[in-house]
Amino acid sequence: DLVWGKITNQIALIRYITKNKKLSADQQVLVTNAISEMEELASKVATLQPKMETEHFRGSLFGFEGSAAVSYWSVLKGVIPPSYGFTAREHQNAVNIVNQMLNYGYGILYSKVLAAAVLSGLNPNIPFLHAETKGKPALTYDLIEPYRPVVVDRTILSILSRNANLASTGGKLSDALRHLVAKKVMERLYSEVNYKGKKTTVNDILIANSKQIAAVITGTEKSFKPYVMKW
């Protein structure tokens with residue numbers, strides 16, 4: 001469900017950022033194909049049987065997630081202004097400013113996810129999907145997935161669309177840009193959205209979802225569905 005939530009929110013973000021955008025014929029084909037492929041992958045994730053051998057299940061899940069990511073980032077690469085030189089997603093030691101902004105935003109979100117996990121009584125060192133990593137709360141790598149597109153990707157795309165001349169200095173984000181990313185990510189986390197018929201913040205939904213997962217583990221709830229962004 002966490003990976004399904006991530007792919008579904010990636011699709012929602014693509015629809016959100018392209019619904020009022022003038023696309024070229026090539027861009028329209030790219031977007032249409034990407035959404036179609038990602039919807040098929042989300043469906044495969046939803047029907048994957050967790051009763052299969054653990055490593056096989058994990059391998060299949062991450063395979064679907066990786067394929068969806070290829071389609072997702074190919075679309076985002078096409079809508080990010082070319083002046084930023086964004087050609088591929090980089091994780092550690094990123095040199096591209098877009099990747100640096102994304103990674104910094106994910107770091108902020110990561111700390112919020114960790115707090116939600118602890119608050120919900122989950123052991124952050126025992127993951128469901130990612131392998132256990134000594135000394136690292138690997139559960140947060142699982143829990144963060146559905147929220148990357150909702151909180152960080154959407155925020156960074158918004159910043160990039162409003163600022164044409166952002167630049168990193170000395171291979172890292174300037175203090176001003178770090179402050180801007182942090183401010184906007186936090187605003188997004190505490191923005192109000194409609195969820196289950198009432199207004200609440202994204203951060204509160206994150207906590208509620210963590211509590212739902214804890215309830216599934218203890219057997220007091222049968223299933224868990226992550227928050228899906230409206231587009």
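Two strands pair if DSSP finds at least two bridges between them. Helices (H or I, at least four residues) and strands (E, at least two) are DSSP runs, numbered from the N terminus. This is a predicted model, in which local features need pLDDT of at least 70, side-chain atom pairs count only at pLDDT 80 or more, and totals for chains, interfaces and linings use all residues. Residues are numbered from 1 along each chain as its sequence is written, and side-chain values use heavy atoms, with hydrogens and water left out.

**Stop 1: the hairpin**

Select β1 (192–195) and β2 (198–201). These strands pair in the antiparallel sense over four bridges. Now pick Asn 194, and look across to Lys 199 in β2, which stands opposite. Two residues lie between the strands of this hairpin.

Click on Lys 196, in the loop between β1 and β2.

Step to Glu 192, in strand β1. Is Glu 192 buried or exposed? Glu 192 is exposed, because its relative accessible area is 55%. Show its contacts (heavy atoms within 4.5 Å). Leaving aside neighbours within four places in sequence, Glu 192 touches Lys 199, Thr 200 and Thr 201. Then draw a line from Glu 192 to Glu 55: they are 137 residues apart in sequence and 39 Å apart in space, C-alpha to C-alpha.

**Stop 2: another positive phi**

Go to Asn 93, in the loop between α3 (54–79) and α4 (97–119). Phi of Asn 93 is near 55°, a positive value in a residue other than glycine. Asn 93 is exposed, with a relative accessible area of 76%.

**Stop 3: the core**

A nonpolar core is a set of buried Ala, Val, Leu, Ile, Met, Phe, Trp, Tyr and Cys residues joined through side-chain atoms within 4.5 Å. The largest one here has 68 residues. Which members touch the most others? Select Met 101, Leu 109 and Val 151. Helix α4 gives this core its largest share, ten residues.

Stay on Val 151. Beyond its neighbours within four places in sequence, Val 151 is in contact with Leu 109, Val 185, Arg 188, Leu 189 and Val 202.

**Stop 4: α6 against α8**

Select α6 (residues 147–162) and α8 (residues 202–218). They pack at an angle of about 155°, with their axes 12 Å apart. Axes are lines fitted to C-alpha atoms, for helices over the stretch in contact, and angles run from 0 to 180 degrees between N-to-C directions. The two helices are therefore roughly antiparallel (angles under 35 degrees count as roughly parallel, over 145 as roughly antiparallel, 65 to 115 as roughly perpendicular and the rest as oblique).

The crossing of α6 and α8 is left-handed (the near helix is turned anticlockwise from the far one by less than a right angle; clockwise would be right-handed). Tyr 147, Val 150 and Val 151 in α6 meet Val 202, Ile 205, Leu 206 and Asn 209 in α8.

**Stop 5: α1 against α2**

Finish with α1 (residues 2–18) and α2 (residues 25–47). They pack at about 160°, with axes 9 Å apart. That makes α1 roughly antiparallel to α2. Their crossing is left-handed. Among the residues making the contact are Trp 4, Ile 7 and Ile 11 of α1, and Val 31, Ile 35 and Met 38 of α2.

Terms used. Buried < 20%, exposed > 50% of the residue type's maximum accessible area, 1.4 Å probe, protein only.
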